[in-house]
Amino acid sequence: MDRTLIAQSENDFLKARNKALFNELQHFLNPEESKLLSFSDVKDLLKPKGEVYMGMQVVPVSLIVGSEGRYHDFDNHFFPKSMHLKTRWESIDRAHLTDVILPPIILYEIGGLYFVRDGNHRVSVAKAQGVENIDAEVISLKSEIKLKPGWSERRILKQVIQYEKRVFYSETSFGDITDCWNIDFSTPGQYDVLYQHILIHKYYINQDKKDEIPMEEAILSWYNNLYLPIVTAIKKRKILRRFRGRTAADLYVWIIKYWDDLKKRFGQAVTIDDAASEFSEKFGKGIFIRIINFLSGLFKK
């Protein structure tokens, strides 16, 4: 084998490896920002509805942002993070340098971005060499949430929550009915929980009615008689100070579950304010493990 070619591929790998090290140092305080996206994690967040085989396509390399199984081996620019990738990486690089045609890679597409199913080293070399497009077999997963290159998993999480909020407000006309537009969550899936709370509230109200009340009336009643009192208790007790990064709506969901548990144990005389106060005292003292264990228990039930 040509020694010059070998030396060139070794040099290319070391440059790419050094870029990964430098990238890691730059994001020392926020390591998540330098991580390659996990396809499985993004798929769990977006919850796509079905997939379609799209066949062969020419894909912009800049839109390949993650991997199905090798996201620990490369950084968010697909630079190699480990020396154990060296042999395979350099062989791919030599193929590139000598114009050897390699098989197409296989990609998943979701939200407008691409994730590698097979061909991680080829994508890494392509990015290191400034290749603009690459041939790929594409499997598309259908999602209404659109993503952008450069987004971290945290940014994608925020986009999912914003999407869920838009759907909730749009489908229920919640803001128009209550004049409240600031119910926000720090985790996905919670607007569905709110909707279930409203349906349960509507069910109990209808038990005393001859005619079923309209959904608009149920929403307003739930907001005024259940949500607002709990949020008022949260603010009165200044509970949010003990739960950094969380919202009043987050605590509403947790406290109402806790309140239900208290009423089952001690009777219906337990008030919302009692539940909020006890919740804060028991779970808001900064003991992280106790909080996590409590929250895990809530969502397993």
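## A walk through helices and a sheet

Just after helix H9, Gly 267 takes a positive phi of about 100 degrees. Helices here are DSSP runs of H or I with at least four residues, and strands are runs of E with at least two, numbered from the N terminus. The model you see is predicted, so local features need pLDDT of at least 70, side-chain atom pairs count only at pLDDT 80 or more, and totals for chains, interfaces and linings use all residues. Residues are numbered from 1 along each chain as its sequence is written, and side-chain values use heavy atoms, leaving out hydrogens and water.

Let us stay with H9 for a moment. Its span from first C-alpha to last is 25 Å, close to the 27 Å expected at 1.5 Å a residue, where the expected span is 1.5 Å times one less than the number of residues. Of its 19 residues, 14 are buried, so H9 is largely enclosed by the rest of the structure. Buried means under 20% relative accessible area, exposed over 50%, and partly exposed in between (1.4 Å probe, protein chains only).

Now for the surface: Tyr 203, in helix H7 (residues 190-206), is exposed, with a relative accessible area of 51%.

Next comes the sheet. Six strands form an open sheet with mixed pairing, in the order E1-E3-E5-E4-E6-E2. Strands E1 and E2 stand at the edges with a single partner strand each, so one side of each is left without a neighbour in the sheet. Two strands pair if DSSP finds at least two bridges between them. E4 and E5 run antiparallel, joined by five bridges.

| Strand | Residues |
|---|---|
| E4 | residues 105-110 |
| E5 | residues 113-118 |
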